Amino acid sequence: MDSYTLLHLARERGYQVHALSFNYGQRHVRELECARSVCEALGVPHKVIDIRAMSEVMAGSSLTSDIDVPEGHYEEDSMKATVVPNRNMILLSLATGYAVTAGAGAVWYGAHGGDHAIYPDCRPEFVDKMDAVCRVANYEPVGIEAPFMTMDKGQILAEGLRLGLDYAQTWTCYNGRERACGRCGSCVERLEAFAANGVKDPLDYEAAS
């Protein structure tokens with residue numbers, strides 16, 4: 001949902017976009033399938049990089065290991081089970097390498113204010129330091145841009161609605177079943193965002209939170 005909005009925002013601002021997704025051994029690939037479909041429809045170059053061989057160094061999360069996905073809000077301590085060790089440092093490093101290869105000046109990253117409570121690698125201090133490192137790590141400086149850093153999910157959705165986006169093309173649920181669960185932290189936050197904007201989520205849910 002965040003990356004989908006970010007992609008369209010970058011295009012609206014006139015940037016030439018190279019979309020990048022990662023298969024790191026996450027619980028399901030529904031988001032990867034959505035990303036592929038969206039990029040094909042837009043004619044945006046899209047790479048899916050398979051880094052499942054690195055799963056041993058990103059284990060111990062309910063998103064990558066055989067651990068039950070917790071239910072509830074992100075501010076609850078149980079949501080720490082969804083933290084994938086060092087994920088965003090690894091993914092942003094790889095994305096920076098691709099940016100140099102593609103001749104791009106920046107990596108756009110969809111971290112937002114709603115993630116700060118539970119995910120250290122989505123906080124401003126992390127993004128600021130990754131930006132500083134990526135600007136000196138190669139001969140070609142690459143910036144790390146996080147346009148949603150001070151926004152919550154409801155504000156991101158508002159931006160997407162302004163752009164006329166169809167969120168039926170996205171998947172947010174941590175579970176990869178036929179319908180979204182409506183109970184995991186990701187679903188709860190998504191449903192709250194739609195409620196805050198007074199619109200109905202186009203996805204089907206097993207249960208509403």
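Does glutamate 159 count as buried or exposed, and at what relative accessibility? At 19% relative accessibility, glutamate 159 counts as buried, where buried means under 20% relative accessible area, exposed means over 50% and partly exposed lies in between, with a 1.4 Å probe and protein chains only.

## Basis of the model

This is a predicted model, in which local features need pLDDT of at least 70 and side-chain atom pairs count only at pLDDT 80 or more, while totals for chains, interfaces and linings use all residues. Residues are numbered from 1 along each chain as its sequence is written, and side-chain values use heavy atoms, with hydrogens and water left out.

## Glutamate 159 and leucine 9

Glutamate 159 has its place in helix H5, helices being DSSP runs of H or I with at least four residues and strands being runs of E with at least two, numbered from the N terminus. Not counting residues up to four places away in sequence, glutamate 159 touches Leu9 and Met151, a contact being heavy atoms within 4.5 Å.

Leucine 9, for its part, is placed in helix H1 and counts as buried at 2% relative accessibility. With neighbours within four places in sequence left aside, the contacts of leucine 9 are Trp108, Pro147, Phe148, Glu159, Arg162 and Leu163. Leucine 9 and glycine 160 are 151 residues apart in sequence, yet their C-alpha atoms are 8.1 Å apart in space.

## Valine 17

Valine 17 is found in the loop between H1 and strand E1 (19-23), and is buried with a relative accessible area of 18%. Leaving aside neighbours within four places in sequence, valine 17 is in contact with Leu7, Ala10, Arg11, Val44 and Pro45. From valine 17 to tryptophan 108 the separation is 91 residues in sequence and 9.6 Å in space, C-alpha to C-alpha.

## Aromatic pairs and a charge over a ring

The structure holds three aromatic pairs, a pair being rings of Phe, Tyr and Trp (its six-membered ring) with centres within 6.5 Å, counted as stacked if the planes are under 30 degrees apart, edge-to-face if over 60 and tilted for the rest. One of them joins tyrosine 4 and tyrosine 167 edge-to-face, at 5.3 Å centre to centre and 75° between the planes. This pair links distant parts of the chain, with tyrosine 4 in helix H1 (residues 2-12) and tyrosine 167 in the loop between helix H5 (153-162) and helix H6 (185-196), 163 residues apart. Tyrosine 4 and tyrosine 167 are both buried.

The rings of tyrosine 167 and phenylalanine 194 have centres 6.1 Å apart and planes at 85°, so this pair is edge-to-face. Here too distant parts of the chain are linked, since phenylalanine 194 lies in helix H6 and tyrosine 167 in the loop between H5 and H6, 27 residues apart. Phenylalanine 194 is buried, as is tyrosine 167, and Tyr4, Tyr167 and Phe194 form one aromatic cluster. Elsewhere, arginine 30 lies over the face of tryptophan 171, at 3.7 Å from the ring centre; the criterion is NZ of Lys or CZ of Arg within 6 Å of the ring centre and within 35 degrees of the ring normal.

The buried residues of H3 include Ile90, Leu91, Leu92 and Ala95, and what covers its buried residues includes E1, strand E2 (46-50), strand E3 (106-108), helix H4 (124-136) and strand E4 (143-145). Just after H3, glycine 103 takes a positive phi of about 75°.

The largest nonpolar core has 28 residues, and those with the most contacts inside it are Leu92, Val107, Tyr109, Val127, Ile144, Cys173 and Cys187; a nonpolar core is a set of buried Ala, Val, Leu, Ile, Met, Phe, Trp, Tyr and Cys residues joined through side-chain atoms within 4.5 Å. H3, H4 and H6 each supply at least two residues of this core, and H4 gives the most, with four residues. Apart from this core lies another, of 14 residues, among them Val38, Cys39, Val44 and Leu165.

## Annotated cysteines

An unreviewed UniProt entry lists Cys173, Cys181, Cys184 and Cys187 for "binding site"; positions follow the numbering used here, feature names are shortened, and annotations may be inferred rather than shown by experiment. Cysteine 181 lies in the loop between H5 and H6 and is buried, with a relative accessible area of 1%. Cysteine 184 lies in the loop between H5 and H6, and is buried with a relative accessible area of 1%.
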